Amino acid sequence: MAKRKVMVPYPILREGLSELFERYDVYYPSRLPKREEILGVLPQYDALIACGFPIDAQAIDRMERIKVISTHSVGYDNINLSALSERGILVCNLPDVVTEATAEFAVGLMLAVVRRIAETDHKLRLCPDLLWGPIANLGHGLDGKRLGILGMGRIGKAVARRARAFLMEVSYHNRHRLPADVEAEYGAVYVPSMERLLRESDVVVVCLPLTGETRQLLGMEQFEQMKRSAYFINVGRGPIVKEAELVEALEKKLIAGAGLDVFEHEPDIPNALKGMTNVVLGAHMATATVETRIKMAQLASKNIIDYLEYGLHPNLVNPDALRCYSL
C-alpha cells in the first residue's frame with residue numbers, strides 16, 4: 001500500500017519532523033521553493049503543514065486530496081478557514097507551544113527599548129566618541145511601572161508572570177474579564193476600557209490575535225491616549241496596528257518608543273521605523289528558539305498524525321468542517 005503524502009512547503013526544523021518522515025512520503029524542500037512549484041504538486045498530497053504558505057482560494061482549488069492542515073503557529077490569519085470548512089478540510093493549530101518563547105521575546109523587546117540597550121549597542125559600534133558617564137545613555141527602570149496588556153490569553157498571562165519579576169504593576173484589557181483567582185495568580189488588574197488602559201500604562205504590550213475585530217484596532221487616536229513617556233510593544237500581529245499612524249506618533253513624540261516583532265506588510269518595514277533609534281525591530285521571531293521551533297514541528301506533525309491515523313483533532317480551529325462528515 002502506498003504511503004500517504006504530507007507536504008511541508010517551506011523548510012522548518014527537520015529534527016521535529018522525524019515521526020512524520022517515518023510514517024509518510026513527505027515533501028520537504030532543501031531550499032525555499034517558488035509558490036508555483038508548490039501549487040503544481042499540491043494535488044498529490046493528503047495533508048499539509050502551513051508554514052508561511054498562505055492558504056488562499058488559489059491554493060484551496062489545488063487541494064484535491066488534502067484532508068487536514070496544521071499551522072506552524074498559533075495564529076491562522078493567512079488561512080481561509082471558511083473556504084476550507086466548506087470543503088471539509090480540517091485546520092489545527094499550535095495553541096500552547098509558542099507561549100513561553102513569545103512572552104520572553106516581548107519582555108526582551110521591552111527591556112531593549114526602555115533601557116536603551118539596542119540603541120546604545122548600535123551607537124557604541126558606530127560612534128567611538130559616544131559619551132559615557134552618570135548622566136549619559138539614561139533609560140527608564142521597570143520597577144513600579146504599569147504594564148498594560150492588550151489580550152490576556154496564554155501569551156498575555158505569560159508576559160504578566162514575567163513582569164511581576166521586574167516588580168511591575170500589571171493591568172489588562174480583554175473582551176471578557178478573567179476569574180478573580182486567575183487575576184490574583186498573575187497579579188493583574190482588569191481595566192474595562194482600552195482607552196483607560198492606554199492612558200494609565202507606562203508600557204503597552206499587544207498580545208492579541210488578528211481577527212476582524214482587532215484588524216487596524218490601534219491608530220493615531222489610541223497613540224494620542226498614551227503617555228508621552230510610554231512605550232509600545234507588539235508581539236501580536238502587524239495589521240492590528242495602523243503602521244503609518246504609529247510612525248507618525250513616534251515622529252511627533254506622542255510615545256517614547258516601540259518594540260516591534262510584527263509589521264503590517266511583512267516582510268516590508270517602513271524606512272522611517274528602521275531609522276528611529278528609539279524603536280527596536282524583530283523579524284517576526286518571537287518563537288524563534290531552537291527548542292520552540294522543534295516543538296512546533298513536532299506538534300504540527302502530531303496534528304497530522306492524530307487525524308490521519310486516529311481521526312482525532314484536539315487542536316481543531318474550524319469545527320464547522322466536521323459538518324461535511326455528518327451529512
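**Exercise 1.** Which exposed residues does the face of H11 turned away from its buried side carry?

*Solution.* The model is predicted, so local features need pLDDT of at least 70 and side-chain atom pairs count only at pLDDT 80 or more, while totals for chains, interfaces and linings use all residues. Residues are numbered from 1 along each chain as its sequence is written, and side-chain values use heavy atoms, with hydrogens and water left out.

Step one is to list the buried residues of helix H11 (residues 243-251), which are Glu-243, Leu-246, Val-247, Ala-249 and Leu-250. These residues cover an arc of only 160° around the axis, and therefore they sit on the same side of H11; the arc is that of the directions from the helix axis to the C-beta atoms. Buried means under 20% relative accessible area, exposed over 50%, and partly exposed in between, with a 1.4 Å probe and protein chains only. Helices (H or I, at least four residues) and strands (E, at least two) are DSSP runs, numbered from the N terminus.

Step two is to turn to the face directed away from the buried side, where the exposed residues Ala-244 and Glu-251 are found.

**Exercise 2.** Name the elements against which the buried residues of H11 pack, and describe the backbone just after this helix.

*Solution.* With contact meaning heavy atoms within 4.5 Å, the packing partners are helix H10 (220-225), strand S10 (231-234), strand S11 (257-260), helix H12 (271-274) and strand S12 (279-281). Just after H11, Lys-253 takes a positive phi of about 60°. Further along, in the loop between S11 and H12, lies Pro-267, and the peptide bond that joins Glu-266 to Pro-267 is cis, with omega near 5°.

**Exercise 3.** Describe the chain as a whole by its helices and strands, its box and its buried share.

*Solution.* The chain contains 14 helices and twelve strands. Its C-alpha atoms fill a box of roughly 75 × 50 × 30 Å, taken along the principal axes, and buried residues make up 51% of the 327 residues.
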